[in-house]
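Visitor: Walk me through this model, please. I would like the geometry and the cut-offs behind it.

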Amino acid sequence: MEPLRWGILGSGLICRDFVGALKGAGPDEARVVCVGARSKASAQSFADALGVERAYEGYAAVVSDPEVDIVYVGTVAQTHPELALLAIEAGKPVLVEKPLALNAEDAAVLIARAREAKVLLVEGMWTRCFPAVCRARELLSGGEIGSVVSVTADFGWPADPDGEHRRTVDPVSGGVAMDVAIGFAAAPALSATVLCTLDAVTPEEVVYSGTRGTLRIHRPAHTPSRLTLTRFVSRTESTEEVLDFPLPPVPAGALPFNYPGSEGFLYEVRAVHEAVRAGALELSQWTHDETVATQAVIDAMRAQARRTRSAGGAAASSVADAALALQYKVKLLHAGGWSESSGSEGLRTPPTPPPRGSSSGAGPAAGRAEGWGLDAGRVGQFTISFVADPDLHEDMEAVSCLCTFCLDDMQIGEELCRLPCMHTFHRRCVHAWLERDRRCMLCRLDVTKPGG
Ligand SMILES: NC(=O)C1=CN([C@@H]2O[C@H](COP(=O)(O)OP(=O)(O)OC[C@H]3O[C@@H](n4cnc5c(N)ncnc54)[C@H](OP(=O)(O)O)[C@@H]3O)[C@@H](O)[C@H]2O)C=CC1
Ligand SMILES: O=C1OC[C@@H](O)[C@H](O)[C@H]1O
């Protein structure tokens, strides 16, 4: 089989690690043929240091290089949608560092564009490709700890104030929520407690609690190599099984990695190569629906933090707020269609996308997934609109008070709209969305086919 030929967008730290790890795949599997950076000098020094064949000024030359089979976007977050779109429009599969976009709507639009173009688009949630995580998902979906009731997770380190911190506090790039919290995929558990910070050392573990046991993903849980499965026998007795998944060796001759565990990018590379060769449009390890739903959680966390801040409360990174918002959303997802799954393996298969129309416009904002939508007059056939009144207050609490489109509270007296999946939004917000995309923004249920 011919090796897949990569083109790299960006010459920063993660691009260096990714290219270093890619060498682990071997020359018969992967080649890096070119790199593009904002300046030619930076691209050239990257190419010289990492043995990349060609260096370009700018990013467009990389995607149009005829030798490039697949593109890696490793630039700062705010550039991801635009650069992903460059690759999609060139018809090239693209792996985009997390986050795919800065909000759920833009992520959904990009995904729609990639699906229209029949191009593989992957958000680089590399942790999902680690063998330890794959095994953990099998154990959870196989019921090894019974039904999952709760998950706790944390991810944090005191970031260098002149380097990472500068990048992550940059409000344009999305801050700590985009950089760190995005690592918490919405877990189908009744409750989730998460901590993310760039100010403190955290244990960096994930623990699932179930009706028959616990599963621990050991530190460092974002690049894990050890699990402990504890099976409950009685309150005084349990059995413990430790499972090890050593990381791949650091490729010979690779430069020192900038981020710990980067040799584990090899797992993501293998998953992406397999998907390219199978003609897939998404990774089974980290689906498009999971990208959008997780991004919606992050949107909610950020909105809540903004509200706290504008009310003169705690800082934007308030852990309590973030955890509360995530808990709200996880409950919402649980109540709204994902509840059948125990473990992510069991998540619903994405509904077959409805027929698509042509797309137009250059940027994600211009191409709002035309052809997926419902005629304005038909939206009411599939949804229930109502005015929130005090008698419904209890009901509103059960669906969370945040509209995930405008990220404002849904207030008593406002016109709301509930979809067949029970997700509820402002009527004006969700009607506008359904005219462009007939699937729920959160759980991706096609509202015209509530039975799936
Ligand atoms: N999966 C993982 O574990 C990790 C993922 N990441 C993700 O990778 C991405 C990049 O992070 P990292 O490599 O650490 O960051 P760096 O600051 O080291 O590199 C970012 C690159 O972005 C490019 N860039 C393009 N536009 C801009 C702009 N307007 N301002 C600043 N830079 C710009 C620059 O590329 P150029 O070379 O063209 O000038 C720069 O080299 C982030 O999205 C981050 O979340 C980061 C670390 C680990
Ligand atoms: O954004 C990040 O930066 C630091 C890394 O160690 C981590 O993997 C990543 O999420």
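The questions below go through a sheet, some helices and some aromatic rings.

Visitor: What kind of model is this, and how are its parts numbered?
Guide: Residues are numbered from 1 along each chain as its sequence is written, while chains are lettered from A and ligands numbered from 1 in the order in which they are written. Side-chain values use heavy atoms, without hydrogens and water, and totals for chains, interfaces and linings use all residues, but local features need pLDDT of at least 70 and side-chain atom pairs pLDDT 80 or more, as the model is predicted.

Visitor: Which strands stand at the edges of the open sheet of six strands?
Guide: Strands here are DSSP runs of E with at least two residues, helices are runs of H or I with at least four, and both are numbered from the N terminus. Two strands pair if DSSP finds at least two bridges between them. The sheet has mixed pairing and the order E8-E7-E9-E10-E11-E12. Each edge strand has a single partner, so one side of it lacks a neighbour in the sheet: these are E8 (191-197) and E12 (237-244).

Visitor: How many bridges join strand E11 to E12?
Guide: A hairpin connects E11 to E12 through two residues. Within the pairing, Leu229 has Glu241 of E12 as its bridge partner, and Leu227 stands opposite Leu243. E11 (residues 226-234) and E12 run antiparallel, and the bridges between them number eight.

Visitor: At what angle does helix H6 run to E11?
Guide: Axes are lines fitted to C-alpha atoms, for helices over the stretch in contact, and angles between N-to-C directions run from 0 to 180 degrees. H6 (residues 131-141) lies across E7, E9, E10, E11 and E12. Its angle to E11 is about 20°.

Visitor: How many of the ten residues of helix H4 are buried?
Guide: Buried means under 20% relative accessible area, exposed means over 50%, and partly exposed is in between, with a 1.4 Å probe and protein chains only. In H4 (residues 80-89), the buried residues include Leu83, Leu85 and Ile88. They pack against elements including strand E1 (4-9), helix H5 (104-116) and strand E6 (121-124).

Visitor: Which residue with a positive phi comes just after helix H2?
Guide: In H2 (residues 40-50), Ala43, Phe46, Ala47 and Leu50 are buried. They cover an arc of only 100° around the axis, taken from the directions from the helix axis to the C-beta atoms, so they sit on the same side of H2. On the other side, Ala41 and Asp48 are exposed. The phi is about 70°, and the residue is Gly51.

Visitor: How far apart are the ring centres of Phe18 and Phe265?
Guide: Rings of Phe, Tyr and Trp (its six-membered ring) pair if their centres lie within 6.5 Å; planes under 30 degrees apart are stacked, over 60 edge-to-face, and the rest tilted. Phe18 in helix H1 and Phe265 in helix H9 are 247 residues apart, and both are buried. Their planes stand at 75°, an edge-to-face pair, and the centres are 5.6 Å apart.

Visitor: How far is Glu268 from Arg128 in space, C-alpha to C-alpha?
Guide: Glu268 lies in helix H9 and is buried, at 1% relative accessibility. Leaving aside neighbours within four places in sequence, Glu268 is in contact (heavy atoms within 4.5 Å) with residues including Phe18, Trp126 and Cys129. Glu268 and Arg128 are 140 residues apart in sequence, yet their C-alpha distance is 8.1 Å.

Visitor: Which side chain makes a polar contact of 3.0 Å with that of Arg418?
Guide: Arg418 lies in strand E14 (residues 415-418) and is buried, with a relative accessible area of 14%. A polar contact is a pair of N or O atoms within 3.5 Å; within protein, one must be able to donate a hydrogen and the other to accept it, and residues adjacent in sequence count only if both atoms are side-chain atoms. The partner at 3.0 Å is Thr424.
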